[in-house]
Amino acid sequence: MHELIHYFSTIPPAHRALILAVGIAFFWLIEIVVPFKKLEYHKWQHAGINIFFTITTMVVNFCLALILLKTANWSQVHHFGILNVLPPLQPWLFAILGLLLLDFIGAYLVHYIEHKIPFLWRFHLIHHTDATIDTTSANRHHPGESVIRFVFTTIGVLVVGSPMWLVFLYQTLSVVATQFNHANVVLPSKLDTLLGYIIVSPDMHKVHHHYKLPYTDSNYGNIFSVWDRLFGTYKTMSRDQLVYGIDTHMHAEEHNRLKNLLVIPFQKKRVAKLSDEKK
């Protein structure tokens, strides 16, 4: 455990970028072997759009990283936050509790709020417009949403009182988890269900990407599934009923053109067009 703490205390940016790239490549290959759905789409063109958003997310996080670092350092110096007021814990228990709390504030809570506040939904909507979910969809976030999520991550670090090594560990696990649960892979149903009691499994998260309510407003978790189960936002759906996308942007010119995706937050609100047709 001490070696793990030391590694993530000093992890180079190049290692973090490598983990991201290797994760995408790994799940990309697995998708070819055991696909969840036979998606009829131009895989490279689709990946190009999503990788663009992945790069913008990385740029936003890099530019704002100093804020996160100073927040984590301040919480340690001033003994602020949940972890700093608890009695001493074993390192492994400290890490698990910290990861759970960071996942709640930095992933579940912000995701839930983005679905409930119209202004924030305008930015998160880009993620839901993807009509062909695969591992590259994981980081399909508008730059504006990347800023919103960074703010919540920073709040999470402050409230939790997380040291920087734990932040880096959380972000690394978050990247891998979201690539995994977005990947177009199929697991045996029993295995997926078993995993779903602890982490967000592919079946669980794909329900969130069903094209219409109430399924869109469910399964907000990223790493751990406990928050959806605890707060009553967990839903299931048969695999063969899933339709990806969002019912206000079901046409290719709306969800598969980078220029349109970038301006969606500033367009007039749209109503569902194909809900009746897809029932």
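Which residue lies over the face of Tyr234? In this predicted model, that place is taken by Arg229, at 4.2 Å from the ring centre.

**View 1. Charged side chains placed over aromatic rings, at Tyr234 and at Trp28.** Arg229 lies over the face of Tyr234, with a distance of 4.2 Å to the ring centre. In a second contact, the charged end of Lys43 sits over the ring of Trp28, and the distance to the centre of that ring is 4.4 Å.

**View 2. The edge-to-face pair of Phe123 and Phe266.** A search of the whole structure finds 16 aromatic pairs. Between the rings of Phe123 and Phe266 the centres are 6.0 Å apart and the planes stand at 90°, and the pair is therefore edge-to-face, given that planes over 60 degrees apart are counted in that way. Because Phe123 belongs to helix H6 (residues 118–128) whereas Phe266 is in the loop between helix H13 (258–263) and helix H14 (275–278), the pair ties together parts that are 143 residues apart in sequence.

**View 3. A cluster of aromatic side chains linked by ring pairs.** The members of this cluster are Phe104, Tyr108, Tyr112, Tyr220, Trp227 and Phe231, which ring pairs link together.

View 4. Asn219 is buried, its relative accessible area being 1%.

**View 5. A positive phi at His79, in the loop between helix H3 (43–77) and helix H4 (82–85).** The phi of His79, which is likewise not a glycine, is near 50°. With a relative accessible area of 55%, His79 is exposed.

**View 6. Helix H8 (residues 164–182) and its surroundings.** The 19 residues of H8 reach 27 Å from the first C-alpha to the last, close to the 27 Å expected at 1.5 Å a residue. Because 16 of these 19 residues are buried, H8 is largely enclosed by the rest of the structure.

**View 7. The largest pocket, with a space of about 1,200 Å³.** Its lining consists of 41 residues, and those nearest the centre are Arg16, Thr57, Asn61, Gln171 and Val175. Helix H2 (13–33), H3, helix H5 (91–116), H6, helix H7 (143–160) and H8 each supply at least two residues of this lining, and the largest share, ten residues, comes from H8. Sorted by class, the lining of the largest pocket holds 19 nonpolar, 20 polar and two charged residues.

**View 8. The second largest pocket, with a space of about 530 Å³.** This pocket is lined by 19 residues, of which Trp121, Leu125, Thr248, Lys269 and Arg270 lie nearest its centre. H6 gives the most to the lining of the second largest pocket, namely four residues. The classes represented in this lining are seven nonpolar, five polar and seven charged residues.

How values were computed
Residues numbered from 1 in each chain as written. Predicted model: local features only at pLDDT ≥ 70, side-chain atom pairs only at ≥ 80, totals over all residues. Heavy atoms only, no water. Phe/Tyr/Trp six-rings, centres within 6.5 Å; stacked < 30°, edge-to-face > 60°. Lys NZ or Arg CZ within 6 Å of the ring centre and 35° of its normal. Buried < 20%, exposed > 50% of the residue type's maximum accessible area, 1.4 Å probe, protein only. Expected span 1.5 Å × (residues − 1). 1 Å grid on protein atoms, 1.4 Å probe; cavity = no way out; pocket = protein on both sides within 12 Å on 5 of 7 lines; lining within 4 Å. Points joined across faces, edges and corners; volume = space filled by probe spheres on them. Nonpolar A, V, L, I, M, F, W, Y, C, P; charged D, E, K, R; others polar.
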